[in-house]
Amino acid sequence: MSQPSYDLLPGAAESPVILHVPHSARAIPAAVRAGIVLDDAALERELDHITDAHTAELAEAAAKRAGVAPWRFVNRLSRLVVDPERFPDEREEMLAVGMGAVYTRTTHRRVLRNEPFDPGPLVERYFRPYARAMTEAVAGRLAATGRAVVIDVHSYPSRALPYELHGTGPRPPVCLGTDAFHTPARLTEAAREAFAGCGETGLDSPFGGTYVPLEFYGTDAQVGALMVEIRRDLYMTEPGGPAGAGADRLAAALAVLVDAAGR
């Protein structure tokens, strides 16, 4: 059996919190790379734009700082392989710009994969096992603690990229993505308080919603969820550059949120 494309990193047995890091990696298997039409230099530039750089390290640092260690579910492959947070069918609004579960267009709406492209093999090989494993991780927290809280750790560019469907709205230092069913007001407020020292927080702009495995989505209120989108100029050189001094402050804020969400 081949190695999974993700890691589930255990936290404290009593923690309901899962830090989900879906877009931090740049790795692309050779067989998948063969289907991408960009040359190596253009692919590196695209990875600079599309990758939520250093978010796995932010989550790791937050987990170490937290009073009760959260669990972490980390994607080890680039979202250019599959994007585990997209719907794998026509429900996905990002299909409008060629960015469903398997992307056919770049952040600048250029060709990434020649169309027509059959996403089926990549969905079966990477997307569905990831979704099953994340479902099992949430079920594990429910069984152990009676509830689960998924905190999605993302970042986004300070200036809108052409692929963004809602890029004309506010771009606060920290954007909190919410769901009417899965994001209780106390979780949103905890996040606002945790990130207060990092600048303004906003809701659902430029990115909204949360990630909840479909088995629980809209049906199990014991599964809470919040997306944390950190504007990249707060902690790194854009695009794709090194992390800076702001990373430590953000990791500390994320740790405060983890502890508040776990209580």
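**Buried residues, cores, cysteines and pockets**

Modeller: V258 is found in helix α6. Bear in mind that this is a predicted model.

Biologist: Why is V258 called buried?

Modeller: The relative accessible area of V258 is 1%. Buried means under 20%. V258 is therefore buried, since 1% falls under that limit.

Biologist: What is V258 in contact with, leaving aside its neighbours within four places in sequence?

Modeller: V258 is in contact with V17, L19, A66, V68 and P70, leaving aside neighbours within four places in sequence. Contact here means heavy atoms within 4.5 Å.

Biologist: How far is V258 from P84?

Modeller: Their C-alpha atoms are separated by 22 Å. Along the chain, V258 and P84 are 174 residues apart.

Biologist: Now G98. Where does G98 lie?

Modeller: In the loop between β3 (71-75) and α4.

Biologist: Is G98 buried or exposed, and how do you know?

Modeller: G98 has a relative accessible area of 12%. The limit for buried is under 20%. So G98 is buried.

Biologist: Which residues does G98 contact, beyond neighbours within four places in sequence?

Modeller: G98 is in contact with Y103, T104 and R105.

Biologist: On to the cores. What makes a set of residues a nonpolar core?

Modeller: Two things. The residues must be buried ones of the nonpolar kinds listed for a core, and they must be joined through side-chain atoms within 4.5 Å. The largest such core has 36 residues. Those with the most contacts inside this core are I151, F195, V228, L250, L254 and L257.

Biologist: Which elements give two or more residues to this core?

Modeller: They are β2 (17-21), α3 (55-65), β4, β5 (174-177), α5, β7 and α6. Helix α6 gives the most, with 9 residues.

Biologist: What does L250 touch, not counting residues up to four places away in sequence?

Modeller: L250 touches L58, F195, C198, I230, L234 and Y235. Another core lies apart from the largest one. This other core has 29 residues, among them I28, L77, M94 and V102.

Biologist: How many disulfides are there?

Modeller: The count comes to 0 disulfides. Take C175. The nearest cysteine sulfur, that of C198, is 14 Å away. A disulfide needs two cysteine sulfur atoms within 2.5 Å. For C198, the nearest cysteine sulfur is that of C175, and C198 is in no disulfide either.

Biologist: Why do C175 and C198 count as buried?

Modeller: C175 has 0% relative accessibility. C198 has 7%. Buried means under 20%, so C175 counts as buried, and so does C198.

Biologist: What is the volume of the largest pocket, and what lines it?

Modeller: The volume is about 990 Å³. The lining has 41 residues, of which E85, R86, F87, E92 and T210 lie nearest the centre. Helix α4 (120-145), β4 (148-156) and β7 (223-231) each supply at least two lining residues. α4 gives the most, with 5 residues. The lining divides into 18 nonpolar, 8 polar and 15 charged residues.

Biologist: And what is in the second largest pocket?

Modeller: About 240 Å³ of space. It is lined by 16 residues, and R147, V149, P184, R186 and L187 are the closest to its centre. β4, α5 (185-194), β7 and α6 (246-262) each supply at least two lining residues. α5 gives the most, with 3 residues. The lining of this second pocket divides into 10 nonpolar, 3 polar and 3 charged residues.

Biologist: What makes a space a cavity and not a pocket?

Modeller: In a cavity, a 1.4 Å probe fits but cannot get out, whereas a pocket is open. The search finds 1 cavity of 30 Å³ or more. The largest cavity has a volume of about 60 Å³. S5, N75, L77, S78, V81, V82, Y126 and Y130 line the largest cavity. That lining divides into 5 nonpolar, 3 polar and no charged residues.

How values were computed: Residues numbered from 1 in each chain as written. Predicted model: local features only at pLDDT ≥ 70, side-chain atom pairs only at ≥ 80, totals over all residues. Heavy atoms only, no water. 1 Å grid on protein atoms, 1.4 Å probe; cavity = no way out; pocket = protein on both sides within 12 Å on 5 of 7 lines; lining within 4 Å. Points joined across faces, edges and corners; volume = space filled by probe spheres on them. Helix = DSSP H or I, 4+ residues; strand = E, 2+ residues; numbered from the N terminus. Nonpolar A, V, L, I, M, F, W, Y, C, P; charged D, E, K, R; others polar. Buried < 20%, exposed > 50% of the residue type's maximum accessible area, 1.4 Å probe, protein only.
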